[in-house]
Amino acid sequence: MGFLDRLSSPETAGVQRGIRQAQSLLHEDRPQEAETLVRQVLDVSDKAFGPAHELSATARVVLATVLYAQGRYEEAETEAHDLAAHRAQRPDDQLALAALALCALAVREQGDPTEALRRQDELLPFYVRIHGPEHPLTLKLRADRAPTLNRLERHEEAAAECRDLLALAAASKEPTAEALARKAEDGLAAAQAGQSVS
């Protein structure tokens, strides 16, 4: 089967649909079902297209996200790290960036916020350059970074970051703006609580 045939094959539509369904299950707080489905999708995608294919890599990011959502941080980090390492030779690869951002979160949840912040700070310039400073993915990384600052008791910096994110969310027309605002509000509340204790 040639490359163009594979792009339009029934497997492509099935894998794409399976990835979307797994993401929906995750958003509906049904991570076990999402994991079962995305593992089935990966099996089909790896066989049909190979593990290096974009669809297989996308499914692996979803799997790592599902593992993270279930509190299986070490497994999530391993899955995401392996994917990022496999795609490291591709310049500005967005799936590798997503995997590396997830690795940083998994590292933080395993008790190393210093390393998590180092990784997030390293990633941020790439997100800004590739997506732009106000893109939802860049803002999500910043919103994920604020709790890391709070864990390190850098509450003033976390509060400033969250206030900036709240202003950007208020001005945004993106469908993700509401979720960003909620995350920033949570981060700001944690920062203010931390400031009042210290």
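**Loops, helices and pockets**

Reply: Let's start with Glu-153, which sits in the loop between α8 and α9. Helices (H or I, at least four residues) and strands (E, at least two) are DSSP runs, numbered from the N terminus. Before we go on, this is a predicted model, where local features need pLDDT of at least 70, side-chain atom pairs count only at pLDDT 80 or more, and totals for chains, interfaces and linings use all residues. Residues are numbered from 1 along each chain as its sequence is written, and side-chain values use heavy atoms, with hydrogens and water left out.

Me: OK, is Glu-153 buried or exposed?

Reply: Glu-153 counts as exposed, because its relative accessibility is 63%. Buried means under 20% relative accessible area, exposed over 50%, and partly exposed in between (1.4 Å probe, protein chains only).

Me: And what's its phi, given that Glu-153 is not a glycine?

Reply: Glu-153 has a positive phi of about 65 degrees. Most residues other than glycine have a negative phi.

Me: Which loop is Asp-29 in, and what is its phi?

Reply: Asp-29 is in the loop between α2 and α3 (31–49). Its phi is positive too, about 60 degrees, although Asp-29 is not a glycine. Asp-29 is exposed, with a relative accessible area of 64%.

Me: Switching topic. How is the protein chain divided?

Reply: The protein chain has domain 1 (12–110) and domain 2 (113–197). Those bounds come from an automatic or database domain assignment. The C-alpha centres of domain 1 and domain 2 are 23 Å apart.

Me: How many residues of each domain are in contact?

Reply: 13 residues of domain 1 are in contact with 17 residues of domain 2. Contact here means heavy atoms within 4.5 Å.

Me: What about pockets? What's the volume of the largest pocket?

Reply: The largest pocket has a volume of about 1,400 Å³. Of the 41 residues lining the largest pocket, the closest to its centre are His-27, Thr-65, Leu-137, Lys-140 and Lys-183. On a 1 Å grid over the protein atoms alone, a pocket is an open set of points where a 1.4 Å probe fits, with protein on both sides within 12 Å along at least five of seven lines, and lining residues have an atom within 4 Å of a point. Grid points are joined across faces, edges and corners, and a volume is the space filled by probe spheres set on the points.

Me: Which helix gives the most to that lining?

Reply: That's α8, which gives nine residues to the lining of the largest pocket.

Me: And where does the largest pocket lie?

Reply: It lies between domain 1 and domain 2, because both give residues to its lining. The lining of the largest pocket divides into 24 nonpolar, 10 polar and seven charged residues. Ala, Val, Leu, Ile, Met, Phe, Trp, Tyr, Cys and Pro count as nonpolar, Asp, Glu, Lys and Arg as charged, and the others, Gly among them, as polar.

Me: What about the second largest pocket?

Reply: The second largest pocket has a volume of about 310 Å³. It is lined by 18 residues, and Ala-96, Leu-97, Leu-100, Leu-123 and Phe-126 are the closest to its centre. The largest share of its lining, five residues, comes from α7. By type, the lining of the second largest pocket has 10 nonpolar residues, one polar and seven charged.

Me: What does Leu-63 touch?

Reply: Not counting residues up to four places away in sequence, Leu-63 touches Glu-35, Val-38, Arg-39, Leu-42 and Glu-79. Leu-63 counts as buried, at 1% relative accessibility.

Me: Last one: where is Arg-142, and what is it in contact with?

Reply: Arg-142 lies in helix α8 and counts as buried at 13% relative accessibility. Leaving aside neighbours within four places in sequence, Arg-142 is in contact with Leu-124, Glu-161, Asp-164, Leu-165 and Leu-168.
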